[in-house]
Amino acid sequence: MTTLRRPPLPRIDDRVTLKHGAGGRAMRALIQGLFAKGAPPVSDDSIGLAALDDGAALRLGDGWIVLTTDSHVVQPIVFPGGDIGRLAVSGTVNDLAMMGATEVLGLTCAVIIEEGFPTAQLERLHASVREACEEAGATIVTGDTKVMGRGEIDGIVFNTAGVAFTRRVVRDNGLRPGDRIIVTGTVGDHGMAIMAARHQLSLEGDLRSDVAPINGLVRAAMRAGGEGVAAMKDPTRGGVSSALHEMAQKSGVGVIIDELALPVRAEVRAAAELLGLEPLLIANEGKALIAVRREVEAAVLDALRAHPLGRDAAVIGTAVDEFHGSVVLDTGLGRRLLAEPEGEPLPRIC
Amino acid sequence: MATDRHAETAQLKFRDPQRAAQLRAAIERTVAEVGHAPVTIMHVCGSHEQAIAKFGLRSILPPAIDLIMGPGCPVCITDMPEVDEAVALSARGVRVATYGDMIRVPGTTKSLADAQADGARVHVVYSVAQAVEMARTTTDEVVFFATGFETTAVATAAVLLAGTPHNFSVLSAHKYVPPAMELVASLPDTRIEGFLAAGHAATITGWRLFEPMARKYHTPIVVAGFEPLDILAAILRLVELVRDRRAEVVNMYPRCVSPDGNRNALDQMWRVFELTGGHWRGIAWVPDGNLQLRAEWAHVDARTRFGLGVRTRDDQPAVVTDCICGEIMIGRAAPTDCTLFGTTCLPESPVGACMVSSEGTCRIWYQYGGQPNLAGTAR
């Protein structure tokens, strides 16, 4: 058995820096060392802040109320493939779905707007919110509006919260050796689209964010896989690598990824190679990592591929009983560890 | 479609897994014929280490091959007093322009990033030409802190030959690779049995340049490109030469490298620079290891223009004494042998220069999970 040494979580610095919001190790250190510290425990069969899962699950009768909240500060607020409104709905709906809660009871939507923000643009963002809600089968049931002075906030900030009920909670720590890891589609689309838009990279091809609510897709996978769906996580900031590291560490297994099986759009692959980035470390906003027991692998894959948002779904790896907490990349030529990212290389991508 | 794996591998012919497996098998057979183990080979290039780490090549090499990285990171071997000179210039109000990696390299007491935080004007440029452009748009003195091997020295020479504004000068910390390879080869306790030479540097210098060294130290040298198959094919050729006891130079990167190199570039480089001895950080005094401006270019030499004094090497800060960058760069130690690696020394707070630069061994190993050799973990 191979054991690997891993550096401890970084200590919390004197001041908050952008890396504390980047979804990586520094952010986890801040949440564990500050926000979750001393938080009273939730009941035994509930999931609270300390679990650092995609949302909370509170026991209610024969099921769970699943609750999550997410703030959105992306720049630019409109980008190829979506905008901050679509992102705000998708992010929260997807976090609920990752807990197994695919039927949304309701969403809240709060906006903080900078003085001088064009009303026409606000209308456009609101239309995106409505459209994404429709795709998710969700409704905004309450909201809040604040305006701040010019320069006191950068354009617009969205916060959404979601609530759903489920009879089966899926965690991000349920991986067992032998489980297969499925990604529901191409990776790196969102982060690369934002990067290209932000830096005016005039790259050939169509770099578009994948931002979408995927609760319907996840529902199809759960129906096909039943109890065989072992764990789920959405590979947002820090990409597939960050999500897999978290799943591996919480589950106490290792993960081996087959790089050649990884679905990556040619445009994203080219742009990443050019910029020296790894698609596995780039953010997604419309994808899920679904770990399944081997016996339901084919059924789940078929169900995903039959869905319009899952056509490129692929089995990309396997959980193993070695390299505990680590992710090993098989490049087709050789093998190496996949580094656990410090977080997203770029701030404010969602 | 874009995600078709066969289309992908067909397109990237220098990354073909089947060819790689064949080369791997050939390397294993050949190294077994050498008659002793391990066979230690050294590459001298950060770009080689990047490719080796990124594609996980160490994991498929037979255990009988010890592949180590030598002094192949120009940022890492830039000496503390050279950084000190740049910091001193910036403190005098001069604008200092340099490549991004150099900004965070610690000098004796501070880095250029520290100087910048203190109010000095330090600029990151992507090329020396950009620094010249900056000089054209200001009346301030602009000094280009010129680092790198012959590959970047050629670019520095070209802009000087093309003519630069009166307020532009160069602080040269350029290094020349062949003498450092010789130094490593000549270490009395060296285990190095063959070198992989850097393909891009050899594009400038040509491969014949290495012949005297191969003869003198009875060490074969193979010029290698940077794709996985380039590297594996070069390793195979090198092991064959070791097996056959042939201290020859072989060019395995003929699509870029010629016997005599880029004559035009070399001509420009030697019109502007000459060789001088210099201290390479963490390694040693390397005879003929530095490129200094020739006397006729004194008017653009920042050392002359600003009367920078004789360089001294002050005592190093305590923590640096634990840093084994020097041992790593001559191939005597690996990053994982260092107590600071991944604990005190991290990319966001580097102790040694090897953790600063994207070409540094420690940085590359950290980027790829801290333990690049996953040999013996077959599925």
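**Helix packing, domain contacts and local backbone features**

In chain B of this predicted model, Val128(B), Ala129(B) and Val132(B) of helix α7(B) meet Ala155(B), Thr156(B) and Val159(B) of helix α8(B). Classified by residue type, this contact of α7(B) with α8(B) comprises five nonpolar residues and one polar residue, with no charged residues. Two packed helices are described by the angle between their axes and by the distance between those axes. For α7(B) and α8(B), the axes come within 9 Å and cross at roughly 35°.

Helix α7 of chain B, residues 128-136, has Val128(B), Ala131(B), Val132(B) and Ala135(B) as buried residues. Viewed down the axis of α7(B), the buried residues fall within an arc of 100°, so they line one face of the helix. An α-helix has 3.6 residues a turn, so residues three or four places apart point the same way. The cover over the buried residues of α7(B) includes the strands β3 (95-98), β5 (142-148) and β6 (168-174) of chain B, together with helix α8 (150-162) of that chain.

At the level of domains, chain B is assigned domain 1 (15-314) and domain 2 (318-367), and the centres of domain 1 of chain B and domain 2 of chain B, taken over C-alpha atoms, are separated by 18 Å. To their contact, domain 1 of chain B contributes 22 residues and domain 2 of chain B contributes 16 residues. On the side of domain 1 of chain B that touches domain 2 of chain B, the elements giving two or more residues are α3 (46-54), β2 (65-69) and α4 (74-77) of chain B, and the largest share, four residues, comes from α3(B). The residues of this side of domain 1 of chain B divide into 14 nonpolar, four polar and four charged.

Chain A contains eight helices and 14 strands, and its C-alpha trace spans about 60 × 55 × 50 Å along the principal axes. The radius of gyration of chain A is 19 Å, which agrees with the value near 20 Å that a compact globule of 350 residues would have. Of the 350 residues of chain A, 53% count as buried, and among contacts in chain A with a separation of 6 or more, 82% are accounted for by residues 24 or more positions apart.

Chain A is divided into domain 1 (41-166) and domain 2 (180-337), whose centres, taken over C-alpha atoms, lie 22 Å apart. In chain A, 24 residues of domain 1 are in contact with 22 residues of domain 2. The elements that give two or more residues to the side of domain 1 of chain A that touches domain 2 of chain A are α2 (84-98) and α3 (119-136) of chain A, and α2(A) gives the most, with 10 residues. By class, this side of domain 1 of chain A has 13 nonpolar, eight polar and three charged residues.

Most residues other than glycine have a negative phi, and most peptide bonds are trans. In chain A, a cis peptide bond with omega of about -5° joins Gln75(A) and Pro76(A), and Pro76(A) is placed in the loop between β2 (63-72) and β3 (78-79) of chain A. In chain B, a cis peptide bond joins Ala37(B) and Pro38(B), with omega of about -5°; Pro38(B) lies in the loop between α2 (17-32) and β1 (39-43) of chain B. A positive phi, near 50°, is found for Phe323(A), which counts as buried, with 21 C-beta neighbours inside 10 Å. Arg245(B) also has a positive phi near 50°, but Arg245(B) is exposed, with 9 other C-beta atoms within 10 Å.

Key: Residues numbered from 1 in each chain as written. Chains lettered and ligands numbered in written order. Predicted model: local features only at pLDDT ≥ 70, side-chain atom pairs only at ≥ 80, totals over all residues. Domains from an automatic or database assignment. Contact = placed C-beta atoms within 7 Å. Nonpolar A, V, L, I, M, F, W, Y, C, P; charged D, E, K, R; others polar. Buried ≥ 20, exposed ≤ 12 C-beta atoms within 10 Å, placed from the backbone. Arc of directions from axis to C-beta. Rg over C-alpha atoms; globule rule 2.2 N^0.38 Å. Axes fitted to C-alpha atoms, helices over the stretch in contact; angles between N-to-C directions.
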